[in-house]
Amino acid sequence: MNPVQRGKLAIAAAAIGVGLLSVTGCGFVNAQQTTHQYSASDGIKADLGKLQLRNMLIVASGEKESGRVIGAVFNQSDSDATLTISGADGAQTEIPVKAKSETYLNEQSDAAVLSTAGAAPGGLAKVTVRSGSDSAQINIPVVNGTLPEYKKYLPSSSATPSPSGSATPSTTATSTESAAAGH
């Protein structure tokens, strides 16, 4: 191979190397979106000790109106737990969750209703969540009945919620889940 051919080969190799670096450099410079965990829903997620709150939100027609809490609460402990949600103006609701089980706050459960939503729809209601000695302040999104999937959760205006509502735990655990939990 003569010196001219070697020079052309070196230039070609350098060009290919630069091209490959520019293609693979995107992952180095930009963060990968799939490595970031986030709530891919309208609600939020939060962890409180052995309780996991998922897709939590409040459905209300206004800030000073009653608001229904919807979402799911998972209990990973060996003991039954009660999640207490306290909001604006003394509004409070309690949600019992059986050990190694979950409670879905939906149309099949008793409504977990706060007497005051604490924020206008589109905003975030600042609430305190408590279970046993664990406590945290979180911001829960408030939505209204504009979207059809949330309309059925709007507390009726004729019903006056008590300061402390409750929801019933889910009994949908399969025998496989019960066996895995040691029941």
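Visitor: How many of the six residues of β4 are buried?

Guide: This is a predicted model, in which local features need pLDDT of at least 70 and side-chain atom pairs count only at pLDDT 80 or more, while totals for chains, interfaces and linings use all residues. Residues are numbered from 1 along each chain as its sequence is written, and side-chain values use heavy atoms, with hydrogens and water left out. A residue is called buried under 20% relative accessible area, exposed over 50%, and partly exposed in between, with a 1.4 Å probe and protein chains only. Strand β4 is mostly covered, and the number of its six residues that are buried is five.

Visitor: Which residue in β5 is the bridge partner of Thr82?

Guide: Strands are DSSP runs of E with at least two residues, numbered from the N terminus, and two of them pair if DSSP finds at least two bridges between them. Strand β4 (residues 81-86) pairs with β5 (residues 92-97) in the antiparallel sense over six bridges. The two form a hairpin with five residues between them, where Asp89 in the turn has a positive phi of about 55°. Within β5, the partner of Thr82 is Pro96.

Visitor: Which residue of β8 stands opposite Ile85?

Guide: Strand β4 also pairs with β8 (residues 124-131), again in the antiparallel sense, over three bridges. Thr84 stands opposite Arg130 in β8, and the residue that faces Ile85 from β8 is Val129.

Visitor: Which residue takes a positive phi in the hairpin of β8 and β9?

Guide: Strands β8 and β9 (residues 134-143) run antiparallel and are joined by eight bridges, with Lys126 standing opposite Asn139 in β9. Their hairpin has two residues between the strands, and the one with a positive phi near 60° is Gly132.

Visitor: What is the angle between the planes of Phe74 and Tyr104?

Guide: Rings of Phe, Tyr and Trp (its six-membered ring) pair if their centres lie within 6.5 Å, and planes under 30 degrees apart count as stacked, over 60 as edge-to-face and the rest as tilted. A search of the whole structure finds one aromatic pair. Phe74 and Tyr104 form this edge-to-face pair, at 6.0 Å centre to centre, and the angle between the planes is 90°.

Visitor: Why does Phe74 count as partly exposed?

Guide: Phe74 lies in strand β3 (residues 67-75) and Tyr104 in strand β6 (residues 101-105), 30 residues apart. Tyr104 counts as partly exposed because its relative accessibility is 31%, and Phe74 is placed in that class because its relative accessibility is 24%.

Note on methods: Helices (H or I, at least four residues) and strands (E, at least two) are DSSP runs, numbered from the N terminus.
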